[in-house]
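Please keep the sequence and the model at hand while reading.

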Amino acid sequence: MEQMAQVASTKSQRSNPVMEPGPLSETGTWRDFVSVTKVGITVANLMTVFAGLWLSSTAQANGTLILWTLLGTALVIMSGTCLNNYIDRDLDRYMERTAKRALAKGRLNPTTVMWMGIGMALVGSAILTFLVNPLTAVIGLIGLFDYVVVYTMWLKRTSTLSTIGGAISGAVPIVMGWTAYSNNLDMGALTLFLIMFMWQMPHTLALSIRRSQDYGKAGIPVLPVVKGFEVTKRHMLRYVAAMIPTSILVFEFTHADLGYLVTMMVIGLIWLVHTFVGFFAQDTIRWARQSFVISLIYLTSMSIVFIVETSLL
């Protein structure tokens, strides 16, 4: 209740979503410009792009297609992070995790970062359209629109449904990898989207529990802040449980082999048991941190198994 009251109070203080003007000139360094592209997140997403591409092609994709797919997708993803930094700069200053960002601290001109984002979206989409295929470019733009407009500008500031909005865009990169070779939005692409969407939900909710105080200070209505930890754990349990049958669908409709299925079943069951144990955890923040690590192990393992297993076919 205290967290809910804090959110309501904070939201009332920041009811005007119009951004405040930033500095007219940059005082930041090249490191600040790199930071708004969120290199770590971009690289993590490229891992799933390559896994989807390699799986789709059964290891037959040539180096040129791989290069243009990774470059075009990276630019679209970095476009999203630049625009996210630009839009969220008013909220970032209230969160410990983001208060030192270049825009929150005023080291970069917001307009410059906005145009960086738009420019990367245009160049990345052009690369995907003319050097990969138009379908992959369109899927990338849909993911970008969802991340920037639906998630960042709308749901993140107004609703606990923001996690769903973010999960949709987070599930797009692996699909882009798949369609880059197949040029077809088939059942393989849809099941990969589904497994990534299911993965994003407990992954993000675990992070939301860990950072719940931070989100509360910024007035961001994530599920743990608005509904509490127990409700959030129930949501996580449903999604982790749903990942097990979804793993079977991926096995059925893609070129994934038995090694993938066994690996995902084992890690999925470990994650499911750990999620259930969370209802009895004495330290929920510590439990959420462990759940977040398991989610990273799940994603990394899935990508590696896709790549290695496909290479051995």
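Helix H3 covers residues 39–57, and its 19 residues should span 27 Å at 1.5 Å a residue, a figure with which the 26 Å between its end C-alpha atoms agrees. The model is a predicted one, and the points below are grouped so that each residue can be read together with its place in the fold.

**Backbone around H3 and beyond**

- Just after H3, Thr58 takes a positive phi of about 45°.
- Lys38, which is not a glycine, likewise has a positive phi of about 45°; Lys38 sits in the loop between helix H2 (30–35) and H3, and it counts as buried because its relative accessibility is 15%, where buried means under 20%.
- Asn183 has a positive phi of about 55° although it is not a glycine, and its place is in the loop between helix H9 (172–182) and H10; with 45% relative accessibility, Asn183 counts as partly exposed.

- In soluble globular proteins, nonpolar side chains tend to be buried together.
- The largest nonpolar core has 52 residues, of which Met196, Tyr260, Tyr298, Met302 and Phe306 touch the most other members, and H10 contributes the largest share of this core, with 8 residues.
- Leaving out residues up to four places away in sequence, Met196 touches Thr48, Gly170, Ala171, Ile174, Leu299 and Met302.
- Another core lies apart from the largest one; it consists of 14 residues, among them Leu46, Met78, Leu103 and Met120.

**Salt bridges**

- Side chains of opposite charge can pair when their charged atoms come close; in this model the count comes to 6 salt bridges.
- Arg157 forms a salt bridge with Asp88, and the closest N and O atoms of this pair are 3.6 Å apart. Because Arg157 lies in helix H7 (residues 134–158) and Asp88 in the loop between helix H4 (63–87) and H5, the pair ties together parts that are 69 residues apart in sequence.
- What is the burial state of the two partners, Arg157 and Asp88? Arg157 counts as buried at 17% relative accessibility, and Asp88 counts as buried at 0%.
- Arg157 also forms a salt bridge with Asp90, where the closest N and O atoms are 2.9 Å apart. Since Asp90 is in helix H5 and Arg157 in helix H7, this pair ties together parts that are 67 residues apart in sequence; Asp90 is itself buried, with a relative accessible area of 14%.
- Through shared partners, salt bridges join Asp88, Asp90, Lys156 and Arg157 into one network.
- Asp92 forms a salt bridge with Arg101, with 3.1 Å between the closest N and O atoms, and Asp92 counts as buried at 3% relative accessibility.

**Two further buried positions**

- Ala102 is found in the loop between helix H5 (89–92) and helix H6 (110–131), and at 2% relative accessibility it counts as buried.
- Not counting residues up to four places away in sequence, Ala102 touches Asp32, Ser35, Arg107 and Leu108; the C-alpha atoms of Ala102 and Gly119, which are 17 residues apart along the chain, are separated by 19 Å.
- Ser162 has its place in helix H8 (residues 162–170) and is buried, with a relative accessible area of 4%; leaving aside its neighbours within four places in sequence, Ser162 is in contact with Tyr151, Leu155 and Lys156.

**Nonpolar surface patch**

- Which residues make the nonpolar surface patch of about 430 Å²? The patch is made by Leu185, Met187, Leu190, Leu249 and Phe253.
- Helix H10 (187–210) and helix H13 (229–253) each supply at least two residues of this nonpolar patch.

Key. Residues are numbered from 1 along each chain as its sequence is written. This is a predicted model: local features need pLDDT of at least 70, side-chain atom pairs count only at pLDDT 80 or more; totals for chains, interfaces and linings use all residues. Side-chain values use heavy atoms; hydrogens and water are left out. Patches are made of residues with over 30% relative accessible area and no salt bridge: like charges are joined within 9 Å, nonpolar side chains (Val, Leu, Ile, Met, Phe, Trp, Tyr) within 5 Å. Accessible areas come from the Shrake-Rupley method with a 1.4 Å probe; for residues, only the protein chains shown count as cover. A salt bridge is a side-chain nitrogen of Lys or Arg within 4 Å of a carboxyl oxygen of Asp or Glu. Helices (H or I, at least four residues) and strands (E, at least two) are DSSP runs, numbered from the N terminus. The expected span of a helix is 1.5 Å times one less than its number of residues. A nonpolar core is a set of buried Ala, Val, Leu, Ile, Met, Phe, Trp, Tyr and Cys residues joined through side-chain atoms within 4.5 Å. Buried means under 20% relative accessible area, exposed over 50%, partly exposed in between (1.4 Å probe, protein chains only). Contact means heavy atoms within 4.5 Å.
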